[in-house]
Amino acid sequence: MTESFRRDGEYEQYTTPYQGAQQHASSPVNPEWPPPPAHQPTAQPTAHAHAGTATGAATGTATGAATGAAAGGAPTALLTEPVAHPPRERRRNRGPVALLAAVAIVAAAIGGGTAYGIQELTGTDTVASASSTSTNVVPSSQKGTVSGVAKAVSPSIVEINAQSNAGSSTGSGVIITGDGEIITNNHVVSGASQVKVKTSDGKTYTAEVVGTDSSKDLALIKLQNASGLTPATLGDSDGVKVGDQVVAIGSPEGLTGTVTSGIVSALNRDVTVSTDESQGQQQQQGGGGWPFEFGGQQFNGDTGSSTTTYKALQTDASLNPGNSGGALIDMNGNIIGINSAMYSAAGSSSSSAGSVGLGFAIPINTVKADLAKLRSGSQN
C-alpha cells in the first residue's frame, strides 16, 4: 500500500471514493456500500469528524454520504470539503520514511545473517582477547578456563631430554609445525650430544638441533620422522598487559605436561643469562635452574663472564626446573612467551628449589623475529 500512495496522483486517487459516495446516495440499494445509519446525524459532529485524525476523516466520509441521502444533494459540500486532505497527506509523507526504515531493517538483518554465516563456516568466534590476539584456540564452551587452555594447548607441548658429557637435563618445548619443528631455550640443548623428545601422547622421537641463538636464549630443534603433530598458535606479545591471566605448561622435574596458572605481573624485565656453553653443562650436571641475573643479583648459580640481556615477561605462574622452553599461554590458547628463567632461593639445590612467584618468559614476538635466523641453521 505504501508504493500505491507514492505512484498515483494524490487528487485522482482520493476523488474517486467521494464520487462513489455520491453515487451511493442516489442508489441506496448498491450492495458495495454499507446501509445508512438508523437516524440522521447532525451536521456539527460531521464537521468535527472531518477535522479530526485519519480515522475521523474516514468516518466523516461515510457520515457525509448518509447525510446526503437524507437531505437530497446537501452532502456535496461536505464530501468535497478540503479539510479531509491534510490527514491523508500526512500518511503519504510517512510512506517513504516507512519504506526506508523497512529497507534499513532488512539490510541490518542480512548483514547480521552474513556475519553469523561467516562465523559458522569458519568455526571461529570474535572474542575480545584479554591480552594478545583475537584467535581463539579454546573451544567456546570452555572459554576463559585453565582446563580449556590446558586441553587445547597440551598436545603442542613436549618434554626434552638432552644428553651431554656432563650428564643430562630436562626441559620443555613448543611444537610450531606439524612435521616437528620445536622452539625451546638455548640453555636446554646447550652442549647436548643427543636430544630425545616425548610428545603428549607418549611417543618418543630423536631430534636434531637446527639453529641456536644464545643472545636470546632460543633454539630450534627438529624431530626425525615426525608428521601430523599439533602446532601451537603463536600470539602477539605486544598486546600483553599487566594483570592478564596466563597458563604455563611444561615438564618441571620431569613431570610431563604439568599445568600451572597465574597472571602477568610485569613487562619488559631485564633478564641476563649466560651465553657460555660450559655454564649449560654445569646446569645439566647439577640439575638445577638455569643461572640468570635480575635486579643486580644472580640466581641459580654463577652466570659466568659471557652474558646477554633480553626483555622478558614476568609472571607469578609457578615455574620450576624443567619448565624452561615451555609455553606461557593467554586465555585464548595463544602462546605469548617461552618460559626461560625462574627465581629460587640463593644456594638452593635442585631438591629444594621451587617457585616463589617470580618467573620470566621470552616474548613470543622476539621468537617470531628470530625464527628465520634459527631455521637458516645459525649456531651462535
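Visitor: What does pLDDT say about the chain?
Guide: pLDDT is the predictor's confidence in each residue, from 0 to 100. The chain averages 74, and 58% of the residues score at least 70. Over residues 45–81 the pLDDT stays under 50. In the model that stretch has 40 contacts (heavy atoms within 4.5 Å) beyond four places in sequence. Residues 99–132 also have a pLDDT below 50. Where pLDDT is low, the predicted coordinates should not be read in detail.

Visitor: How do you know that the span of α10 agrees with that of a helix?
Guide: Helices are DSSP runs of H or I, at least four residues, and strands are runs of E, at least two; both are numbered from the N terminus. The expected span is 1.5 Å times one less than the number of residues. Helix α10 has twelve residues, 364–375, so it should span 16 Å. Its end C-alpha atoms are 16 Å apart, which agrees.

Visitor: Which residues of α10 are called buried?
Guide: Buried means under 20% relative accessible area, exposed over 50%, and partly exposed in between, with a 1.4 Å probe and protein chains only. In α10 the buried residues are I364, N365, V367, D370, L371 and L374. Their cover includes β3, β5, β6, β7, β14 and β15. Just after the helix, G377 takes a positive phi of about 95°.

Visitor: Why is I160 called buried?
Guide: I160 has a relative accessible area of 0%, so it falls under the 20% limit and is buried. I160 lies in strand β1, residues 157–164. V195 is 35 residues away from I160 in sequence, yet the two are 7.0 Å apart in space, C-alpha to C-alpha.

Visitor: Why is N225 called exposed?
Guide: The relative accessible area of N225 is 78%, which is over 50%, so N225 is exposed. N225 sits in the loop between β6 and β7. Its phi is positive, about 55°, although N225 is not a glycine. Most residues other than glycine have a negative phi.

Visitor: Why does N268 count as exposed?
Guide: At 56%, the relative accessible area of N268 is over 50%, so N268 is exposed. N268 lies in strand β9, residues 258–274. Its phi is also positive, near 55°.

Visitor: How do you know that β8 and β13 pair?
Guide: Two strands pair if DSSP finds at least two bridges between them. β8 and β13 have four bridges, in the antiparallel sense. Within this pair, I249 stands opposite A327 and V246 opposite D330. β8 also pairs with β9, antiparallel, over six bridges. There, I249 has V259 as its bridge partner.

Visitor: What makes both faces of β13 covered?
Guide: A327 and I329 on one side are buried, and so are L328 and D330 on the other. In a regular strand the side chains alternate between the two faces of the sheet. Three bridges join β13 to β14, which run antiparallel. In β14, I338 is the bridge partner of A327. The hairpin has three residues between the strands, and G333 takes a positive phi near 90° there.

Visitor: Which strands make the closed barrel?
Guide: Six strands run β1-β2-β3-β6-β5-β4, with antiparallel pairing. The twist averages 40° from one strand to the next. β5 and β6 pair over six bridges, with D213 opposite L218. α10 packs on the sheet, touching β3, β5 and β6, and its direction makes about 60° with that of β6. Such angles run from 0 to 180 degrees between N-to-C directions, using lines fitted to C-alpha atoms, for helices over the stretch in contact.

Visitor: What makes a nonpolar core?
Guide: A nonpolar core is a set of buried Ala, Val, Leu, Ile, Met, Phe, Trp, Tyr and Cys residues joined through side-chain atoms within 4.5 Å. The largest has 31 residues, of which I183, V271, F292 and I335 touch the most other members. α10 gives the most to this core, with four residues. A second, separate core of 15 residues includes I160, V197, Y205 and I221.

Definitions and conventions. Residues numbered from 1 in each chain as written. Predicted model: local features only at pLDDT ≥ 70, side-chain atom pairs only at ≥ 80, totals over all residues. Heavy atoms only, no water.
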